Amino acid sequence: MKKLIDATADVVVDALRGMALTHPDDLQVDLENRVVLRGRPKADGKVAIISGGGSGHEPLHGGFVGEGMLDAACAGEVFTSPVPDQITAAIAAVDRGAGVLQIVKNYTGDVMNFEMAAELADAESGTEVRSVVTNDDVAVEDSTFTAGRRGVGGTVLVEKIAGAAAEEGRSLDEVTAIAERVNQNARSLGVALTSVTVPANGKPSFELGDDEIEIGIGIHGEPGRRREKIAPAREVARTMLEPILAELPGEGPVLLFVNGMGATPLLELFILAADAHAVLEEAGVEVARDLVGNYITSLDMAGASITLLRLDEELTALWDAPVATPALRRGL
């Protein structure tokens, strides 16, 4: 294993310390609770949004803390849910009197711990906490970490669009409804070209042949639908988009999100994006917005995911709203 780390036991705290040092104006980092917070808290009377999960998916979630997106993100150990105490600390730090929305990926530990934290916050301070669980992955119904479908790339879109709604001053009911609508209208699927190596394990989580790819892989290296021989990007794009389109609700334009899993260069992601455009044009689907890059990763895995979000006028306007976070910044 070759990693630029100091000690396997300290990777999360060391990374958070680096975030704090390199974004001193944008972020505050509570190293004791492993919570990333906005450098300038949101105004009183606005809904706060928190998220979090296991580390190793950077920039998700800490990289999306900032104006127009998240108020706080809780960092668990690598591929391990944050604990309830971390989450309650985040809730207490960001509550501005209008309630708190938790955006939670559908992994068993995350769902359980965020639910417990919401109950604790209500009991201790009376804070009203809602949760939206993302489950946009069409690859498999159940997996190593989940009951039901996994929350993957759609989580980024939920955080951005719900964050914009909260920034406008909408109520907790309204922001929650927007988050649920994005989740309901997003579908994703990922492929792996290589395995992932967790620092604590020191070896690849699974084996793939030099000429193989795994279709439908999870962001922790969970098995997908099947293995196939590597093919040109245009064929991979079609293989990924066909099951997504089969389950994408509604009609109208879409946001196309091509995401890297950590070790795939932008050169390849842009090729995949161009091929995805061609497949969607052939299918009669208009691409109204794009996002391409490494936004929800799996440490050093080579591969990519594609997410489609069915857009309407309101979701498009919220997607276009200004955002200022370490990992996503425009319009400000």
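At 24% relative accessibility, Lys3 counts as partly exposed, and in this predicted model its side chain meets that of Asp300 in a salt bridge, with 3.1 Å from N to O. This pair links distant parts of the chain, since Lys3 belongs to the segment before α1 and Asp300 to the loop between β11 and β12, 297 residues apart. Asp300 is also partly exposed, because its relative accessible area of 30% falls between the limits of 20% for buried and 50% for exposed.

**Further salt bridges**

Side chains of opposite charge can pair when their charged atoms come close. A search of the whole structure finds 23 salt bridges, and three of them are set out here.

| Salt bridge | N to O distance |
|---|---|
| Lys3 and Asp300 | 3.1 Å |
| Asp14 and Arg17 | 3.0 Å |
| Arg149 and Glu247 | 2.5 Å |

The salt bridge between Arg149 and Glu247 instead links distant parts of the chain, with Arg149 in the loop between β6 and α4 and Glu247 in helix α6, 98 residues apart. Glu247 counts as partly exposed, with a relative accessibility of 29%. Elsewhere, salt bridges that share partners join Glu168, Arg170, Arg181, Asp312 and Glu314 into one network.

Strands of a sheet pair through backbone hydrogen bonds, either parallel or antiparallel.

**Strand β7**

In a regular strand the side chains alternate between the two faces of the sheet. In β7, Ala186, Ser188, Gly190 and Ala192 point one way while Arg187, Leu189 and Val191 point the other way, and all are buried. Strand β7 runs antiparallel to β12, to which it is joined by seven bridges, and Gly190 has Ser305 in β12 as its bridge partner. Two bridges also join β7 to β8, again in an antiparallel arrangement, with Ala192 opposite Glu214 in β8.

**Aromatic rings**

Which residues form one aromatic cluster? The cluster consists of Phe64, Phe257 and Tyr295. The rings of Phe64 and Tyr295 form a stacked pair, 6.3 Å from centre to centre and with 25° between the planes. Phe64 lies in the loop between β3 and β4, whereas Tyr295 lies in the loop between β11 and β12, 231 residues apart. Phe64 counts as buried at 0% relative accessibility, and Tyr295 is buried too, with a relative accessible area of 12%. In another contact with a ring, the charged end of Arg330 sits over the ring of Trp319, 4.9 Å from its centre.

Conventions. Residues are numbered from 1 along each chain as its sequence is written. This is a predicted model: local features need pLDDT of at least 70, side-chain atom pairs count only at pLDDT 80 or more; totals for chains, interfaces and linings use all residues. Side-chain values use heavy atoms; hydrogens and water are left out. Rings of Phe, Tyr and Trp (its six-membered ring) pair if their centres lie within 6.5 Å; planes under 30 degrees apart count as stacked, over 60 as edge-to-face and the rest as tilted. Helices (H or I, at least four residues) and strands (E, at least two) are DSSP runs, numbered from the N terminus. Buried means under 20% relative accessible area, exposed over 50%, partly exposed in between (1.4 Å probe, protein chains only). A charge sits over a ring if NZ of Lys or CZ of Arg is within 6 Å of the ring centre and within 35 degrees of the ring normal. Two strands pair if DSSP finds at least two bridges between them. A salt bridge is a side-chain nitrogen of Lys or Arg within 4 Å of a carboxyl oxygen of Asp or Glu.
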